[in-house]
Amino acid sequence: MSSSSFSVEHDFIILLLAKQLERANQLTEFLDCEELSRLLEIHKISSAIGPLIESLDNDKIKTLLHDKIESDKLYQLGLIRELHLLKSAFDTIPFIPIKGPTLSQFIFNNPAERNSWDLDILIRPENLDTCKQILESLGYESVETYRTQKQKEALLKYHHQFEMYHSEKGILIELHWQLHSLRGHDIGFEQVFASHETCVIGNDTYMVMGWQQRIEYLCMHGTSHVYHRLQWLNDLKHIFESLETSQWTLLVNHMRSRKTEMHLALAIKLVETLFGCKFPLELELNKRDEKRCQILYNLSLQAQKRTSLNVKDTGWRDFVNTHRIQYTSGGIKGLLKSLFSRSVRPSNWDYFAFNDRVFFLNHLFMRPIWLLKRISKK
Amino acid sequence: MKFKRNNDNIASKIHDEIVMVNIEKGNYYGLNAVGSDIWDFIESPRTEVEICEMLLEKYDIDTKTCRAEVKEFLKKLLDQNLIETFNA
């Protein structure tokens with residue numbers, strides 16, 4: 001199962017998620033509580049292991065886990081309430097929550113069983129200003145914003161989200177008009193709307209992604225981050241375990257038709273390897289996709305290892321890794337879209353030579369200007 | 001008369017206890033193990049008698065005490081708008 005090159009805390013978490021409680025218990029005396037807390041936070045996994053902690057023998061670890069779970073669950077309940085308030089405030093403006101409480105409801109039949117730390121909302125791009133104003137009236141502030149119409153157009157064209165933060169509540173809302181996960185496989189509001197399902201939380205009914213599109217999105221989202229967070233693999237593990245044979249067929253056909261089968265293969269490979277599962281599915285990939293899948297698999301294990309050993313990527317290494325993932329997953333088109341998307345983040349507009357126009361020249365000159373400014377500050 | 005959960009509340013279990021929020025008011029609540037058992041039980045509408053019978057099967061308690069405490073607990077839940085009643 002897990003390699004000994006990971007930390008004991010990482011192995012402990014994996015064993016719990018795989019419900020190997022006897023082996024997990026054997027590790028409890030070797031655990032560092034601080035390190036375990038760190039990993040639980042990074043992997044957003046406390047709620048997933050909650051039901052299992054009573055099987056542990058170590059009282060100190062049980063108390064630590066219990067406190068963490070309680071704190072996280074209270075935060076989740078707050079997010080659910082915030083989603084309800086959002087729904088009331090948005091009124092007739094259609095929106096589709098992505099992940100968060102609705103995903104928790106889908107996987108665990110309870111909106112508070114899965115850790116989230118923000119709310120991702122998919123909207124129509126033409127509603128961005130209205131949604132922004134509504135959130136401002138609820139006390140949210142833009143994390144960064146566009147200053148001109150041209151900047152807004154560039155943001156809408158090349159980027160995918162706009163962040164707003166409520167400092168009192170400590171809640172971040174991301175307004176998405178694209179779910180890009182991997183450039184080259186953008187999913188917009190209309191695509192999701194066309195096949196949406198509904199989800200009931202309390203007395204509210206939300207539009208949500210159709211189940212096949214949702215699984216596809218989770219696979220691509222996981223790939224784009226090379227599953228450095230175990231929560232994403234745990235989500236897919238639960239989903240895969242619930243699928244019947246007929247649903248597997250529908251899912252594979254859906255992803256094959258969209259040429260995203262490789263991402264499903266990667267997810268299955270990782271879940272099977274890490275958690276010791278076996279799913280009734282054999283995917284046949286072409287040689288190129290097999291190679292890409294293997295590269296991404298290795299990158300994922302490397303990312304998890306860095307997380308488990310608290311090794312952080314330096315700026316350039318992170319930059320190279322991110323774009324390597326984009327290139328491996330989405331080809332040259334994916335890589336270029338990723339580069340452009342980074343450029344139009346509002347934080348980069350300070351480095352635009354041309355404040356309001358000629359976007360591609362801005363992109364060309366941006367890095368030299370950034371470098372000059374950094375050198376001149378020193 | 002039967003008691004059932006008010007859908008304005010979202011609950012989540014932590015071992016044998018429950019934390020929940022009323023999404024309209026924003027109030028948070030916690031239920032201990034016995035309270036959690038009752039909360040689970042009234043997922044479907046139940047009478048006070050049915051609730052007591054469930055608890056008597058599970059816990060070592062006399063009927064009189066059980067009825068009094070269940071009555072008091074249900075009143076508290078009603079006062080907080082966590083549950084509602086309807087005639088069976």
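R114(A) counts as buried, at 4% relative accessibility (buried is under 20% relative accessible area, exposed over 50% and partly exposed in between, with a 1.4 Å probe and protein chains only). Its side chain meets that of D235(A) in a salt bridge, 2.8 Å from N to O; the term covers a side-chain nitrogen of Lys or Arg within 4 Å of a carboxyl oxygen of Asp or Glu. D235(A) sits in helix α11 (residues 230-242) of chain A and R114(A) in the loop between α6 and β2 of chain A, so the pair ties together parts that are 121 residues apart in sequence. Helices here are DSSP runs of H or I with at least four residues, strands are runs of E with at least two, and both are numbered from the N terminus. D235(A) is buried too, with a relative accessible area of 2%.

This is a predicted model, in which local features need pLDDT of at least 70 and side-chain atom pairs count only at pLDDT 80 or more, while totals for chains, interfaces and linings use all residues. Residues are numbered from 1 along each chain as its sequence is written, chains are lettered from A and ligands numbered from 1 in the order in which they are written, and side-chain values use heavy atoms, with hydrogens and water left out.

Over all chains, the structure holds 21 salt bridges. One of them pairs E113(A) with K73(A), whose closest N and O atoms are 3.0 Å apart. This pair links distant parts of the chain, 40 residues apart: E113(A) is in the loop between α6 (100-108) and β2 of chain A, and K73(A) is in helix α5 (residues 59-90) of chain A. E113(A) is buried at 18% relative accessibility, and K73(A) is buried at 2%.

Four bridges join β1 (residues 2-5) of chain B to β6(B), and K4(B) stands opposite E84(B) in β6(B).

Notes. Pairing = 2+ DSSP bridges.
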